[in-house]
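Okay, thanks for having me. I'd like to walk you through some charged side chains today, so let's get the picture up on the screen.

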Amino acid sequence: MTSPEQLGELYLEVHHRMRRAFDDGMSGCGLSLARTKVLAELQRGGPARPSVLAAQFGFAPRTITELVDTLERDGLVVRQADPTDRRALLVRLTSEGEEALAVARTARERLMKQVFGALEPADRATMARLLHTLDDAMAPLVTGEPAAHPAEMSFHDSTAR
């Protein structure tokens with residue numbers, strides 16, 4: 001029988017290899033997973049302060065600065081003055097960033113289909129259920145709040161799963 005520790009180690013090993021494979025696959029279109037996440041958030045939420053992006057993704061301030069510097073150098077984002085606070089800057093997606101994001105999403109989708117398409121539909125459903133269970137168990141470790149009991153889940157939470 002596999003212990004929780006053994007299963008955890010296997011999960012972390014697979015996750016690490018998968019993340020590396022996705023980063024490598026996406027670098028072919030010029031974007032890493034981290035860069036794609038930032039561009040996608042800017043597309044979804046509009047211009048944002050670097051500090052907000054750093055907090056949202058759990059990046060150190062230096063990391064988000066380097067990431068934004070690279071995206072700006074590549075013409076995918078621009079920094080602009082925050083109209084509500086002249087001392088602050090906002091990061092905004094450019095049209096080139098929109099185009100790069102579309103290419104990255106296509107590459108990401110292809111990789112997802114290649115990896116997760118290896119599973120039968122029933123296995124994908126089981127994996128999704130198990131990942132949600134693990135995510136719920138992990139919630140107190142990340143937020144400090146107790147995990148939601150299934151009976152306390154909102155309708156949206158239960159239908160999203």
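I'll talk about the salt bridges here, a few pairs in turn and then a network. Keep in mind that this is a predicted model.

So, how many salt bridges does a search of the whole structure find? It comes back with 10.

Let's start with Asp74 and Arg35, whose side chains meet in a salt bridge at 2.6 Å, N to O. That pair ties together distant parts of the chain, 39 residues apart: Asp74 sits in the loop between helix H4 (61-73) and strand E1 (77-82), while Arg35 belongs to helix H2 (residues 33-45). Now, buried or exposed, what does Arg35 count as? Buried, because its relative accessibility is 11% and the cut-off for buried is under 20%. Asp74 is partly exposed, with a relative accessible area of 35%.

Next pair: Arg79 and Asp69, with a salt bridge at 2.7 Å, N to O. Here again distant parts of the chain are linked, with Arg79 in strand E1 and Asp69 in helix H4, 10 residues apart. Both ends are partly exposed, Arg79 at a relative accessible area of 26% and Asp69 at 38%.

Then there's Arg87 with Asp85, where the closest N and O atoms of the salt bridge are 3.1 Å apart. Arg87 counts as exposed, at 77% relative accessibility, but Asp85 counts as buried, at 17%.

And which residues are linked with these two in a network of salt bridges? Arg49 and Asp82 join Asp85 and Arg87 there.

Okay, happy to take questions.

Definitions and conventions
Residues are numbered from 1 along each chain as its sequence is written. This is a predicted model: local features need pLDDT of at least 70, side-chain atom pairs count only at pLDDT 80 or more; totals for chains, interfaces and linings use all residues. Side-chain values use heavy atoms; hydrogens and water are left out. A salt bridge is a side-chain nitrogen of Lys or Arg within 4 Å of a carboxyl oxygen of Asp or Glu. Helices (H or I, at least four residues) and strands (E, at least two) are DSSP runs, numbered from the N terminus. Buried means under 20% relative accessible area, exposed over 50%, partly exposed in between (1.4 Å probe, protein chains only).
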